[in-house]
Amino acid sequence: MWKEISVLVGKEVTLEWRQKFALNGILLYVVSAVFITYLSVGAQQGNISTPTWNALYWIIILFSAVNAVAKSFVQEHQGRQLYYYMIASPEAIILSKIIYNTGLTLILALLGYGVFSVILGNPIQDQGLFILNLVLGAMGFSASLTMVSGIASKAGNNATLMAILSFPVIIPILLMAIRISKNAMDGLDWSVSMDYLLSLLAINAIVAVTGYILFPYLWRS
């Protein structure tokens, strides 16, 4: 199965590289959203608070992840899905998309972090905790949105359905990620954030395992 996953992840990278407009559009969205924030909140006077910086950062990353992951199954037409059905297991398909989307979301998160740091300043005191939080947040966003994207694709790619189904899972991940980021900004000891980190890791594991178990039934339909 791991050979199938590696081939499928390579396929996703190849398709993304050929269709550079999708990735470039998302990158442009991140940069433009940060620049608009810079102009609108008066950050050029240096009066943006750390909670505002934190909230704006995660909101932008969330919507960037939604735009990036939403096309996971939308771009797969019925003939290609039938081909996948014959050559790969559904478990390999869902895991490959989660792995690829996690990498893509993490790239967007790191890019957003860099742009935020250059334009709005960098208030993070504990860089290690913040980067770990980015990795866990990217995993959570990708796992939940990938599974919901698969469900929405079977319902005619209904964007409203995707938003409704992802909301209950995304909100706890987002709240814990914001809390951990706030602790990293304040430079608090890792022990203060350990419960949140374990909870975030547990949610990621539950979502990934649920997708791994349930996706084959969805795929056969």
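**Entry 1: Asn 54**

I started with Asn 54, which counts as buried because its relative accessibility is 2%. For my notes, buried means under 20% relative accessible area, exposed means over 50%, and partly exposed is in between, with a 1.4 Å probe and protein chains only. This is a predicted model, where local features need pLDDT of at least 70, side-chain atom pairs count only at pLDDT 80 or more, and totals for chains, interfaces and linings use all residues. Residues are numbered from 1 along each chain as its sequence is written, and side-chain values use heavy atoms, with hydrogens and water left out.

Where does Asn 54 lie? I found Asn 54 in helix 3, residues 50-69. Helices here are DSSP runs of H or I with at least four residues, strands are runs of E with at least two, and both are numbered from the N terminus. Leaving out residues up to four places away in sequence, Asn 54 touches Ile 178, Ser 181, Lys 182 and Met 185. A contact means heavy atoms within 4.5 Å.

**Entry 2: Trp 190**

Next I looked up Trp 190, in helix 9 (residues 190-220). Trp 190 has a relative accessible area of 34%, so I noted it as partly exposed. Its contacts, again without residues up to four places away in sequence, are Asp 126, Gly 128, Leu 129 and Leu 132. Trp 190 and Leu 129 are 61 residues apart in sequence, yet their C-alpha atoms are 7.3 Å apart in space.

**Entry 3: the cores**

Which residues touch the most other members of the largest nonpolar core? They are Trp 53, Tyr 57, Phe 130 and Phe 141, out of 36 residues. Such a core is a set of buried Ala, Val, Leu, Ile, Met, Phe, Trp, Tyr and Cys residues joined through side-chain atoms within 4.5 Å. Helix 8 gives this core its largest share, nine residues. I also noted a second, separate core of 17 residues, whose members include Ala 92, Val 207, Phe 215 and Trp 219.

**Entry 4: the whole chain**

I counted nine helices and zero strands in the chain. Of its 221 residues, 45% count as buried. The unreviewed UniProt entry lists "transmembrane region" at several places, including residues 131-153 and 198-219; such annotations may be inferred rather than shown by experiment, and positions follow the numbering used here, with feature names shortened. Residues 131-153 are 100% helix, with end C-alpha atoms 32 Å apart. Residues 198-219 are also 100% helix, and their end C-alpha atoms are 31 Å apart.
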